[in-house]
Amino acid sequence: MRVLVALGGNAMTGPDGSAAPHHQRAAVEIAVRHVRAIVADGHQVTLTHGNGPQVGNLLLKNQLAAHVVPPVPLDWCGAQTQATVGTLIMNALGPPTATLVTRTLVDPGDPAFADPVKPIGRYFPQDPRTEGETWRRFARGWRRVVPSPEPLEILDADAVSALMAAGFTVVAAGGGGVPVTRLPDGGLNGVEAVVDKDLAAALLARAVGAEVLLIATDVPDVVIGYGGPDPRPIGRVSVPELRVLQAAGHFAEGTMGPKVEAAIRFVSSGGTRAVITSLPEIAAAMHGHVGTQVEKGL
């Protein structure tokens with residue numbers, strides 16, 4: 001069975017969120033143990049991953065070294081971190097594994113470009129904005145925000161499929177993929193934006209013919225009433241039932257919301273099943289024993 005496993009950003013850093021190289025290496029090695037169990041069951045796996053902490057580090061380096069070397073744009077940061085995290089995963093998982101720096105097509109007219117809301121990078125105690133950047137004040141301080149346009153197409157999906165057909169476990173579309181727009185002459189141009197990694201994972205999963213989308217996060221189930229007096233985990237659920245809960249506002253936009261939307265899109269567009277669960281549970285979740293199991297109709 002073809003399975004796309006989407007690893008959350010928490011799987012790429014230390015327990016305290018540290019993105020120091022040795023903490024990243026150790027975290028990836030732990031994450032890959034759980035992925036290896038799925039591969040050992042005979043499933044063909046494609047991996048995507050978060051890259052928020054890694055991109056945040058590059059942005060800070062941009063700021064600190066701007067007087068020495070030219071800062072690189074956000075799409076370059078995405079490409080660099082795809083390669084870095086992919087290399088860690090390849091080293092931990094072993095052959096045959098391949099990493100593909102992946103581009104995601106977005107619409108230059110997407111409304112998100114006029115309303116940057118996606119926070120990236122670190123918090124600062126004072127407004128550090130520079131020309132061409134948008135910063136907003138949050139409870140913890142000032143943070144840069146960028147557009148998060150809708151992913152339209154994973155442009156390198158055919159290359160992912162070819163590697164899968166050759167027997168590789170493929171790491172692709174890290175951080176949602178490098179966002180690009182199409183120019184009038186047919187060329188491509190990288191843009192200062194961040195594509196939601198879960199929505200991109202759902203798009204890639206369908207493009208490569210995956211039957212299961214498995215979204216690994218830091219909780220074992222999607223929960224109704226999270227943070228309230230009566231939280232209730234969701235087990236097996238149909239797409240229509242999940243849509244009703246989504247419309248009722250049960251899933252926070254910045255946390256579980258995109259994961260739920262990705263699961264709905266994947267199953268609605270022909271996928272067999274989407275699962276949302278914690279990283280240590282992903283092998284059991286493949287067998288339907290744990291996690292939130294999203295199916296077309298029950």
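**Entry 1: Leu 213 and the cores**

I started at Leu 213 and looked up its contacts (heavy atoms within 4.5 Å). Leaving aside neighbours within four places in sequence, Leu 213 is in contact with Leu 4, Ala 201, Ala 202, Ala 205, Ala 262, Phe 266, Arg 273, Ala 274 and Val 275.

A note to myself on the source: this is a predicted model, where local features need pLDDT of at least 70 and side-chain atom pairs count only at pLDDT 80 or more, while totals for chains, interfaces and linings use all residues. Residues are numbered from 1 along each chain as its sequence is written, and side-chain values use heavy atoms, with hydrogens and water left out.

Next I looked for nonpolar cores, meaning sets of buried Ala, Val, Leu, Ile, Met, Phe, Trp, Tyr and Cys residues joined through side-chain atoms within 4.5 Å. Buried stands for under 20% relative accessible area, exposed for over 50%, and partly exposed for in between, with a 1.4 Å probe and protein chains only. Which residues touch the most other members of the largest nonpolar core? They are Leu 204, Leu 213 and Leu 242, in a core of 42 residues. Helix H7 (residues 256–268) gives the largest share of this core, seven residues. I also found a second, separate core of 26 residues, which includes Val 5, Ile 38, Leu 214 and Ala 216.

**Entry 2: the whole protein**

I counted helices and strands as DSSP runs numbered from the N terminus (helices are H or I with at least four residues, strands are E with at least two). The protein has eight helices and 17 strands. Its radius of gyration is 19 Å, close to the 19 Å that the globule rule gives for 298 residues, so the protein is as compact as a globular protein of that length. That radius is taken over C-alpha atoms, and the rule is 2.2 Å times the number of residues to the power 0.38. Of the 298 residues, 50% count as buried.

**Entry 3: the sheet of three strands**

I then traced an open sheet with the order E5-E7-E6 and antiparallel pairing. Two strands pair if DSSP finds at least two bridges between them. Strand E5 (118–124) and strand E6 (134–138) are the edge strands, and each pairs on one side only. E6 and strand E7 (residues 141–146) pair over five bridges in the antiparallel sense, and a hairpin joins E6 to E7 through two residues. Which residue of E7 is the bridge partner of Arg 136? I found Arg 143. For Thr 134, the bridge partner in E7 is Val 145.

**Entry 4: the sheet of four strands**

Another open sheet has the order E8-E4-E10-E11, with mixed pairing. E8 and strand E11 (188–190) stand at the edges with a single partner strand each, so one side of each is left without a neighbour in the sheet. E10 and E11 run antiparallel and are joined by three bridges. One pair I looked up is Val 180 with its bridge partner Gly 190 in E11.

**Entry 5: helix H4**

In helix H4 (residues 157–165), I marked Ala 157, Val 160, Ser 161 and Met 164 as buried. Why are they on the same side of H4? They are there because they cover an arc of only 100° around the axis, an arc of the directions from the helix axis to the C-beta atoms. The buried residues of H4 pack against several elements, including strand E1 (2–7), strand E2 (44–49) and helix H5 (197–207). Just after H4, Gly 167 takes a positive phi of about 95°.

**Entry 6: single residues**

Thr 48 lies in strand E2. Is Thr 48 buried or exposed? Thr 48 is buried, with a relative accessible area of 3%. Not counting residues up to four places away in sequence, Thr 48 touches a group of residues, among them Leu 4, Ala 173 and Leu 204.

Ala 173 has a positive phi of about 55° although it is not a glycine, and at 1% relative accessibility Ala 173 counts as buried.

Last stop: the peptide bond from Pro 95 to Pro 96 is cis, with omega near -10°. Pro 96 sits in the loop between helix H3 (74–93) and E3.
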